[in-house]
Amino acid sequence: MDRKRLGVQFLWSLVLALLVYIGLIVYGDWRQLSALLAEFPWRWLPPTLGLTLVNFGVRLLKWHWYLRLIRTPISFGQSARIYGISFLMMMTPGKVGEFVRAFMVRNVSGAPFSVVAPVVLAERMTDGLAMILLAGLGLLAIDDGRIRMAALAALLIIAGIIIANQVRPLALWCLALGHRLPLVNRFADKLSAFYESSYFLLQPKYLITSVLIGVVSWASQGIGFYLVLLGFGAEAGVGSLLTAVSAFNMSTVVGAVVATPGGLGGVESSLAALSIQLLDMSRPAAAAAALVIRFATLWFGVAIGLVCLALWPHLLTVQKGPVAEEQQAQA
(Lines give C-alpha, C1' and ligand atoms only; values in the text may rest on other atoms or scores of the structure.)
Protein backbone atom coordinates (compact mmCIF):
# COMPACT_ATOMS: atom_id res chain seq x y z
CA MET A 1 0.00 0.00 0.00
CA ASP A 2 1.38 3.45 -0.99
CA ARG A 3 1.30 5.38 2.30
CA LYS A 4 2.18 8.63 0.52
CA ARG A 5 -0.91 8.28 -1.66
CA LEU A 6 -2.99 7.48 1.42
CA GLY A 7 -1.67 10.63 3.07
CA VAL A 8 -2.58 12.77 0.06
CA GLN A 9 -6.11 11.33 0.00
CA PHE A 10 -6.46 11.98 3.72
CA LEU A 11 -5.39 15.62 3.31
CA TRP A 12 -7.91 16.17 0.51
CA SER A 13 -10.57 14.61 2.74
CA LEU A 14 -9.67 17.10 5.49
CA VAL A 15 -10.08 19.97 3.03
CA LEU A 16 -13.48 18.62 1.96
CA ALA A 17 -14.48 18.19 5.61
CA LEU A 18 -13.49 21.80 6.36
CA LEU A 19 -15.66 23.05 3.49
CA VAL A 20 -18.60 20.87 4.55
CA TYR A 21 -18.43 22.04 8.16
CA ILE A 22 -18.07 25.70 7.19
CA GLY A 23 -21.25 25.26 5.13
CA LEU A 24 -23.00 23.54 8.03
CA ILE A 25 -21.98 26.31 10.44
CA VAL A 26 -23.26 28.97 8.05
CA TYR A 27 -26.50 27.00 7.58
CA GLY A 28 -27.01 26.74 11.34
CA ASP A 29 -26.13 30.40 12.09
CA TRP A 30 -22.75 30.23 13.80
CA ARG A 31 -23.76 32.51 16.70
CA GLN A 32 -26.73 30.37 17.71
CA LEU A 33 -24.84 27.19 16.92
CA SER A 34 -21.86 28.16 19.10
CA ALA A 35 -24.24 29.05 21.95
CA LEU A 36 -25.92 25.65 21.66
CA LEU A 37 -22.57 23.85 21.67
CA ALA A 38 -21.55 25.76 24.78
CA GLU A 39 -24.75 24.67 26.55
CA PHE A 40 -24.60 21.05 25.38
CA PRO A 41 -24.29 18.55 28.29
CA TRP A 42 -20.85 17.22 27.34
CA ARG A 43 -21.10 14.54 30.05
CA TRP A 44 -23.30 12.73 27.49
CA LEU A 45 -20.41 12.50 25.04
CA PRO A 46 -18.68 9.51 26.75
CA PRO A 47 -21.85 7.34 26.54
CA THR A 48 -22.19 8.37 22.88
CA LEU A 49 -18.58 7.37 22.22
CA GLY A 50 -19.25 4.15 24.13
CA LEU A 51 -22.12 3.32 21.77
CA THR A 52 -19.81 4.03 18.84
CA LEU A 53 -17.36 1.51 20.30
CA VAL A 54 -20.23 -1.00 20.57
CA ASN A 55 -20.89 -0.47 16.86
CA PHE A 56 -17.20 -0.86 16.01
CA GLY A 57 -16.82 -3.90 18.27
CA VAL A 58 -19.83 -5.78 16.87
CA ARG A 59 -18.69 -5.07 13.32
CA LEU A 60 -15.21 -6.35 14.22
CA LEU A 61 -16.74 -9.61 15.47
CA LYS A 62 -18.61 -9.98 12.19
CA TRP A 63 -15.42 -9.29 10.22
CA HIS A 64 -13.50 -11.95 12.13
CA TRP A 65 -16.42 -14.40 11.86
CA TYR A 66 -16.37 -13.98 8.08
CA LEU A 67 -12.61 -14.60 7.99
CA ARG A 68 -13.08 -17.78 10.00
CA LEU A 69 -15.85 -18.93 7.66
CA ILE A 70 -13.45 -18.87 4.72
CA ARG A 71 -10.82 -20.60 6.90
CA THR A 72 -8.33 -17.73 6.94
CA PRO A 73 -5.41 -18.58 9.28
CA ILE A 74 -5.51 -15.38 11.29
CA SER A 75 -5.85 -14.64 15.01
CA PHE A 76 -8.46 -12.32 16.51
CA GLY A 77 -5.72 -9.90 17.55
CA GLN A 78 -4.47 -9.64 13.97
CA SER A 79 -8.04 -9.16 12.74
CA ALA A 80 -8.57 -6.37 15.25
CA ARG A 81 -5.37 -4.52 14.27
CA ILE A 82 -6.26 -4.71 10.59
CA TYR A 83 -9.81 -3.59 11.27
CA GLY A 84 -8.52 -0.67 13.35
CA ILE A 85 -6.27 0.59 10.56
CA SER A 86 -9.16 0.24 8.10
CA PHE A 87 -11.01 3.09 9.84
CA LEU A 88 -8.61 5.41 8.03
CA MET A 89 -9.85 3.94 4.76
CA MET A 90 -13.28 5.44 5.41
CA MET A 91 -11.74 8.66 4.12
CA THR A 92 -11.31 7.29 0.61
CA PRO A 93 -13.97 8.00 -2.08
CA GLY A 94 -16.74 5.42 -1.87
CA LYS A 95 -14.72 3.71 0.89
CA VAL A 96 -12.99 1.67 -1.82
CA GLY A 97 -9.84 1.90 0.30
CA GLU A 98 -11.44 -0.55 2.72
CA PHE A 99 -10.39 -3.31 0.31
CA VAL A 100 -6.87 -2.62 1.58
CA ARG A 101 -7.97 -4.84 4.47
CA ALA A 102 -7.73 -7.80 2.11
CA PHE A 103 -4.10 -6.90 1.34
CA MET A 104 -3.29 -6.62 5.05
CA VAL A 105 -4.87 -10.03 5.69
CA ARG A 106 -2.77 -11.44 2.86
CA ASN A 107 0.34 -9.89 4.43
CA VAL A 108 -0.13 -11.63 7.78
CA SER A 109 -1.82 -14.87 6.74
CA GLY A 110 -0.91 -15.56 3.14
CA ALA A 111 -4.61 -15.86 2.17
CA PRO A 112 -5.09 -14.74 -1.46
CA PHE A 113 -6.57 -11.27 -1.99
CA SER A 114 -9.19 -12.71 -4.35
CA VAL A 115 -10.47 -14.97 -1.55
CA VAL A 116 -10.48 -12.33 1.21
CA ALA A 117 -11.82 -9.36 -0.78
CA PRO A 118 -15.38 -10.81 -0.86
CA VAL A 119 -15.39 -10.57 2.95
CA VAL A 120 -15.16 -6.77 2.66
CA LEU A 121 -17.87 -6.78 -0.01
CA ALA A 122 -20.19 -9.04 1.99
CA GLU A 123 -19.64 -7.01 5.15
CA ARG A 124 -20.47 -3.70 3.47
CA MET A 125 -23.54 -5.08 1.67
CA THR A 126 -25.01 -6.72 4.77
CA ASP A 127 -24.34 -3.52 6.74
CA GLY A 128 -26.21 -1.65 4.00
CA LEU A 129 -29.19 -3.99 4.25
CA ALA A 130 -29.23 -3.60 8.04
CA MET A 131 -29.14 0.20 7.75
CA ILE A 132 -31.97 0.22 5.22
CA LEU A 133 -34.06 -1.97 7.55
CA LEU A 134 -33.43 0.45 10.43
CA ALA A 135 -34.06 3.45 8.18
CA GLY A 136 -37.42 1.90 7.31
CA LEU A 137 -38.59 2.78 10.84
CA GLY A 138 -39.14 6.34 9.68
CA LEU A 139 -38.80 6.20 5.91
CA LEU A 140 -42.54 6.55 5.29
CA ALA A 141 -42.58 9.78 7.28
CA ILE A 142 -39.91 11.39 5.09
CA ASP A 143 -41.28 13.83 2.52
CA ASP A 144 -37.97 14.32 0.69
CA GLY A 145 -38.20 12.23 -2.48
CA ARG A 146 -34.42 12.38 -3.02
CA ILE A 147 -33.77 10.61 0.27
CA ARG A 148 -36.34 7.94 -0.54
CA MET A 149 -34.76 7.45 -3.96
CA ALA A 150 -31.30 7.12 -2.40
CA ALA A 151 -32.60 4.39 -0.08
CA LEU A 152 -34.36 2.61 -2.95
CA ALA A 153 -31.26 2.83 -5.17
CA ALA A 154 -29.04 1.39 -2.43
CA LEU A 155 -31.52 -1.42 -1.76
CA LEU A 156 -31.82 -2.33 -5.46
CA ILE A 157 -28.05 -2.31 -6.00
CA ILE A 158 -27.37 -4.52 -2.98
CA ALA A 159 -30.25 -6.88 -3.73
CA GLY A 160 -29.22 -7.09 -7.39
CA ILE A 161 -25.63 -8.04 -6.53
CA ILE A 162 -26.74 -10.69 -4.02
CA ILE A 163 -29.32 -12.23 -6.36
CA ALA A 164 -26.90 -12.28 -9.32
CA ASN A 165 -24.23 -13.81 -7.09
CA GLN A 166 -26.53 -16.63 -5.97
CA VAL A 167 -27.72 -17.55 -9.50
CA ARG A 168 -24.83 -19.99 -9.79
CA PRO A 169 -25.37 -21.35 -13.36
CA LEU A 170 -25.30 -17.80 -14.75
CA ALA A 171 -22.21 -16.89 -12.74
CA LEU A 172 -20.35 -20.05 -13.79
CA TRP A 173 -21.24 -19.40 -17.44
CA CYS A 174 -19.82 -15.86 -17.16
CA LEU A 175 -16.65 -17.17 -15.52
CA ALA A 176 -16.21 -19.80 -18.25
CA LEU A 177 -16.64 -17.07 -20.85
CA GLY A 178 -13.99 -15.02 -19.07
CA HIS A 179 -11.47 -17.83 -19.51
CA ARG A 180 -11.93 -17.55 -23.29
CA LEU A 181 -11.74 -13.76 -23.62
CA PRO A 182 -8.45 -12.01 -24.34
CA LEU A 183 -7.08 -9.91 -21.46
CA VAL A 184 -9.83 -11.14 -19.12
CA ASN A 185 -8.46 -14.69 -19.20
CA ARG A 186 -5.35 -13.49 -17.35
CA PHE A 187 -7.50 -12.75 -14.31
CA ALA A 188 -10.03 -15.56 -14.79
CA ASP A 189 -8.67 -17.78 -12.01
CA LYS A 190 -8.69 -14.91 -9.51
CA LEU A 191 -12.21 -13.97 -10.56
CA SER A 192 -13.28 -17.57 -9.97
CA ALA A 193 -11.75 -17.53 -6.48
CA PHE A 194 -13.46 -14.20 -5.78
CA TYR A 195 -16.80 -15.58 -6.90
CA GLU A 196 -16.55 -18.82 -4.92
CA SER A 197 -15.74 -16.91 -1.74
CA SER A 198 -18.53 -14.33 -2.22
CA TYR A 199 -21.05 -17.04 -3.20
CA PHE A 200 -20.28 -18.90 0.03
CA LEU A 201 -20.53 -15.80 2.25
CA LEU A 202 -23.78 -14.53 0.73
CA GLN A 203 -25.72 -17.77 1.13
CA PRO A 204 -29.00 -17.14 2.98
CA LYS A 205 -27.92 -18.90 6.20
CA TYR A 206 -24.95 -16.55 6.55
CA LEU A 207 -26.65 -13.53 5.00
CA ILE A 208 -29.50 -13.47 7.53
CA THR A 209 -27.14 -13.82 10.50
CA SER A 210 -24.89 -11.08 9.19
CA VAL A 211 -27.78 -8.67 8.60
CA LEU A 212 -29.05 -9.27 12.13
CA ILE A 213 -25.58 -8.54 13.49
CA GLY A 214 -25.62 -5.35 11.42
CA VAL A 215 -28.98 -4.34 12.89
CA VAL A 216 -27.49 -4.59 16.40
CA SER A 217 -24.36 -2.59 15.53
CA TRP A 218 -26.10 0.20 13.63
CA ALA A 219 -29.00 0.44 16.08
CA SER A 220 -26.46 1.17 18.83
CA GLN A 221 -25.03 3.98 16.74
CA GLY A 222 -28.52 5.36 16.17
CA ILE A 223 -29.09 5.36 19.94
CA GLY A 224 -25.94 7.46 20.24
CA PHE A 225 -27.49 10.01 17.88
CA TYR A 226 -30.61 10.01 20.05
CA LEU A 227 -28.50 10.98 23.10
CA VAL A 228 -26.96 13.86 21.13
CA LEU A 229 -30.40 15.05 20.02
CA LEU A 230 -31.63 15.00 23.61
CA GLY A 231 -28.72 17.23 24.52
CA PHE A 232 -29.93 19.77 21.98
CA GLY A 233 -33.53 19.78 23.17
CA ALA A 234 -35.25 16.91 21.34
CA GLU A 235 -38.26 15.43 23.12
CA ALA A 236 -37.48 12.21 25.00
CA GLY A 237 -39.51 9.08 24.27
CA VAL A 238 -39.67 5.85 22.33
CA GLY A 239 -40.97 7.63 19.24
CA SER A 240 -38.03 10.04 19.23
CA LEU A 241 -35.62 7.15 19.81
CA LEU A 242 -36.92 5.17 16.83
CA THR A 243 -36.90 8.30 14.69
CA ALA A 244 -33.31 9.09 15.66
CA VAL A 245 -32.18 5.53 14.82
CA SER A 246 -34.00 5.76 11.50
CA ALA A 247 -32.61 9.21 10.67
CA PHE A 248 -29.03 8.23 11.47
CA ASN A 249 -29.11 5.10 9.33
CA MET A 250 -30.93 6.82 6.48
CA SER A 251 -28.29 9.55 6.49
CA THR A 252 -25.51 6.96 6.45
CA VAL A 253 -27.11 5.28 3.41
CA VAL A 254 -27.30 8.66 1.67
CA GLY A 255 -23.61 9.20 2.45
CA ALA A 256 -22.76 5.83 0.91
CA VAL A 257 -24.71 6.70 -2.26
CA VAL A 258 -22.99 10.10 -2.49
CA ALA A 259 -19.67 8.17 -2.26
CA THR A 260 -17.59 11.09 -0.97
CA PRO A 261 -14.81 10.26 1.55
CA GLY A 262 -16.56 9.28 4.77
CA GLY A 263 -19.88 10.32 3.21
CA LEU A 264 -18.88 13.95 3.84
CA GLY A 265 -21.63 16.36 2.88
CA GLY A 266 -24.28 13.74 2.26
CA VAL A 267 -24.43 12.45 5.85
CA GLU A 268 -24.28 15.87 7.53
CA SER A 269 -26.90 17.49 5.32
CA SER A 270 -29.23 14.51 5.67
CA LEU A 271 -28.83 14.41 9.46
CA ALA A 272 -29.70 18.09 9.72
CA ALA A 273 -32.62 17.89 7.27
CA LEU A 274 -34.16 14.81 8.90
CA SER A 275 -33.75 16.24 12.40
CA ILE A 276 -35.72 19.30 11.31
CA GLN A 277 -38.33 17.38 9.35
CA LEU A 278 -38.95 14.45 11.69
CA LEU A 279 -38.11 15.83 15.13
CA ASP A 280 -39.05 19.49 14.67
CA MET A 281 -35.54 20.66 15.60
CA SER A 282 -34.44 24.22 14.85
CA ARG A 283 -31.82 24.70 12.13
CA PRO A 284 -29.04 25.63 14.60
CA ALA A 285 -29.86 22.65 16.85
CA ALA A 286 -30.01 20.25 13.91
CA ALA A 287 -26.68 21.51 12.55
CA ALA A 288 -25.06 21.27 15.98
CA ALA A 289 -26.34 17.71 16.49
CA ALA A 290 -24.92 16.72 13.08
CA LEU A 291 -21.51 18.16 14.00
CA VAL A 292 -21.36 16.38 17.37
CA ILE A 293 -22.48 12.95 16.15
CA ARG A 294 -20.03 13.07 13.24
CA PHE A 295 -17.24 13.84 15.69
CA ALA A 296 -18.37 10.87 17.81
CA THR A 297 -18.56 8.49 14.84
CA LEU A 298 -16.52 9.39 11.75
CA TRP A 299 -13.70 11.36 13.39
CA PHE A 300 -13.53 9.10 16.42
CA GLY A 301 -13.05 6.20 14.01
CA VAL A 302 -10.39 8.10 12.05
CA ALA A 303 -8.53 8.79 15.33
CA ILE A 304 -8.59 5.05 16.13
CA GLY A 305 -7.27 4.35 12.63
CA LEU A 306 -4.39 6.80 13.06
CA VAL A 307 -3.39 5.25 16.40
CA CYS A 308 -3.53 1.72 14.94
CA LEU A 309 -1.45 2.76 11.92
CA ALA A 310 1.14 4.36 14.22
CA LEU A 311 1.34 1.16 16.28
CA TRP A 312 1.36 -1.38 13.44
CA PRO A 313 2.57 0.35 10.22
CA HIS A 314 4.09 -2.93 8.99
CA LEU A 315 0.60 -4.23 8.22
CA LEU A 316 0.47 -1.91 5.19
CA THR A 317 3.86 -3.12 3.95
CA VAL A 318 3.74 -5.95 1.43
CA GLN A 319 5.60 -8.95 2.82
CA LYS A 320 6.47 -12.15 1.01
CA GLY A 321 7.55 -15.63 1.97
CA PRO A 322 9.45 -16.16 5.23
CA VAL A 323 9.28 -12.47 6.15
CA ALA A 324 5.50 -12.64 6.25
CA GLU A 325 5.58 -15.77 8.38
CA GLU A 326 7.99 -14.18 10.84
CA GLN A 327 5.87 -11.02 10.98
CA GLN A 328 2.76 -13.09 11.61
CA ALA A 329 4.46 -14.92 14.48
CA GLN A 330 5.50 -11.63 16.09
CA ALA A 331 2.10 -9.93 15.67
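Student: Leaving aside its neighbours within four places in sequence, which residues is Ser86 in contact with?

Tutor: In this predicted model, Ser86 is in contact with Glu98 and Arg101, once the neighbours within four places in sequence are set aside. The residue itself has its place in helix H4.

Student: Why is Ser86 called buried?

Tutor: The relative accessible area of Ser86 is 3%, and buried means under 20%, so Ser86 counts as buried.

Student: What makes Arg71 exposed, and where is Arg71 found?

Tutor: Arg71 is found in the loop between helix H3 (45-69) and helix H4 (76-86). Its relative accessible area is 74%, and because exposed means over 50%, Arg71 is called exposed. Arg71 also has a positive phi of about 60°, although it is not a glycine.

Student: Why does Asp280 count as exposed?

Tutor: Asp280 has a relative accessibility of 71%, which is to be set against the cut-off of over 50%, and therefore Asp280 counts as exposed. Asp280 lies in the loop between helix H12 (266-279) and helix H13 (283-311), and its phi is near 55°, a positive value in a residue other than glycine.

Student: Is Ser275 buried or exposed, and how do you know that?

Tutor: With a relative accessible area of 1%, judged by the rule that buried means under 20%, Ser275 is buried. Ser275 is found in helix H12, and, leaving aside its neighbours within four places in sequence, Ser275 is in contact with Phe225, Leu229, Asp280, Met281 and Ala286.

Student: What makes Ala234 count as buried?

Tutor: Ala234 has its place in the loop between H10 and H11. Its relative accessibility is 12%, and since buried means under 20%, Ala234 counts as buried. Apart from neighbours within four places in sequence, Ala234 is in contact with Leu229 and Met281. From Ala234 to Ala286 there are 52 residues in sequence, and the C-alpha to C-alpha separation in space is 9.7 Å.

Student: Why is H10 called roughly perpendicular to H11?

Tutor: Two packed helices are described by the angle between their axes and the distance between the axes. Helix H10 (residues 204-231) and helix H11 (residues 238-258) pack at an angle of about 115°, and their axes are 8 Å apart. That makes H10 roughly perpendicular to H11, because angles of 65 to 115 degrees count as roughly perpendicular. The crossing of H10 and H11 is right-handed. Among the residues of H10 that take part in this meeting are Trp218, Phe225 and Tyr226, while those of H11 include Leu241, Phe248 and Thr252.

Student: Why is Cys308 called buried, whereas Cys174 is called partly exposed?

Tutor: Cys308 has a relative accessible area of 11%, and buried means under 20%, so Cys308 is buried.

Student: How many disulfides does the count come to?

Tutor: The count comes to zero disulfides, where a disulfide would be a pair of cysteine sulfur atoms within 2.5 Å.

Methods: Residues numbered from 1 in each chain as written. Predicted model: local features only at pLDDT ≥ 70, side-chain atom pairs only at ≥ 80, totals over all residues. Heavy atoms only, no water. Buried < 20%, exposed > 50% of the residue type's maximum accessible area, 1.4 Å probe, protein only. Helix = DSSP H or I, 4+ residues; strand = E, 2+ residues; numbered from the N terminus. Axes fitted to C-alpha atoms, helices over the stretch in contact; angles between N-to-C directions. Parallel < 35°, antiparallel > 145°, perpendicular 65-115°, else oblique. Left-handed = near helix turned anticlockwise from the far one by under 90°. Contact = heavy atoms within 4.5 Å.
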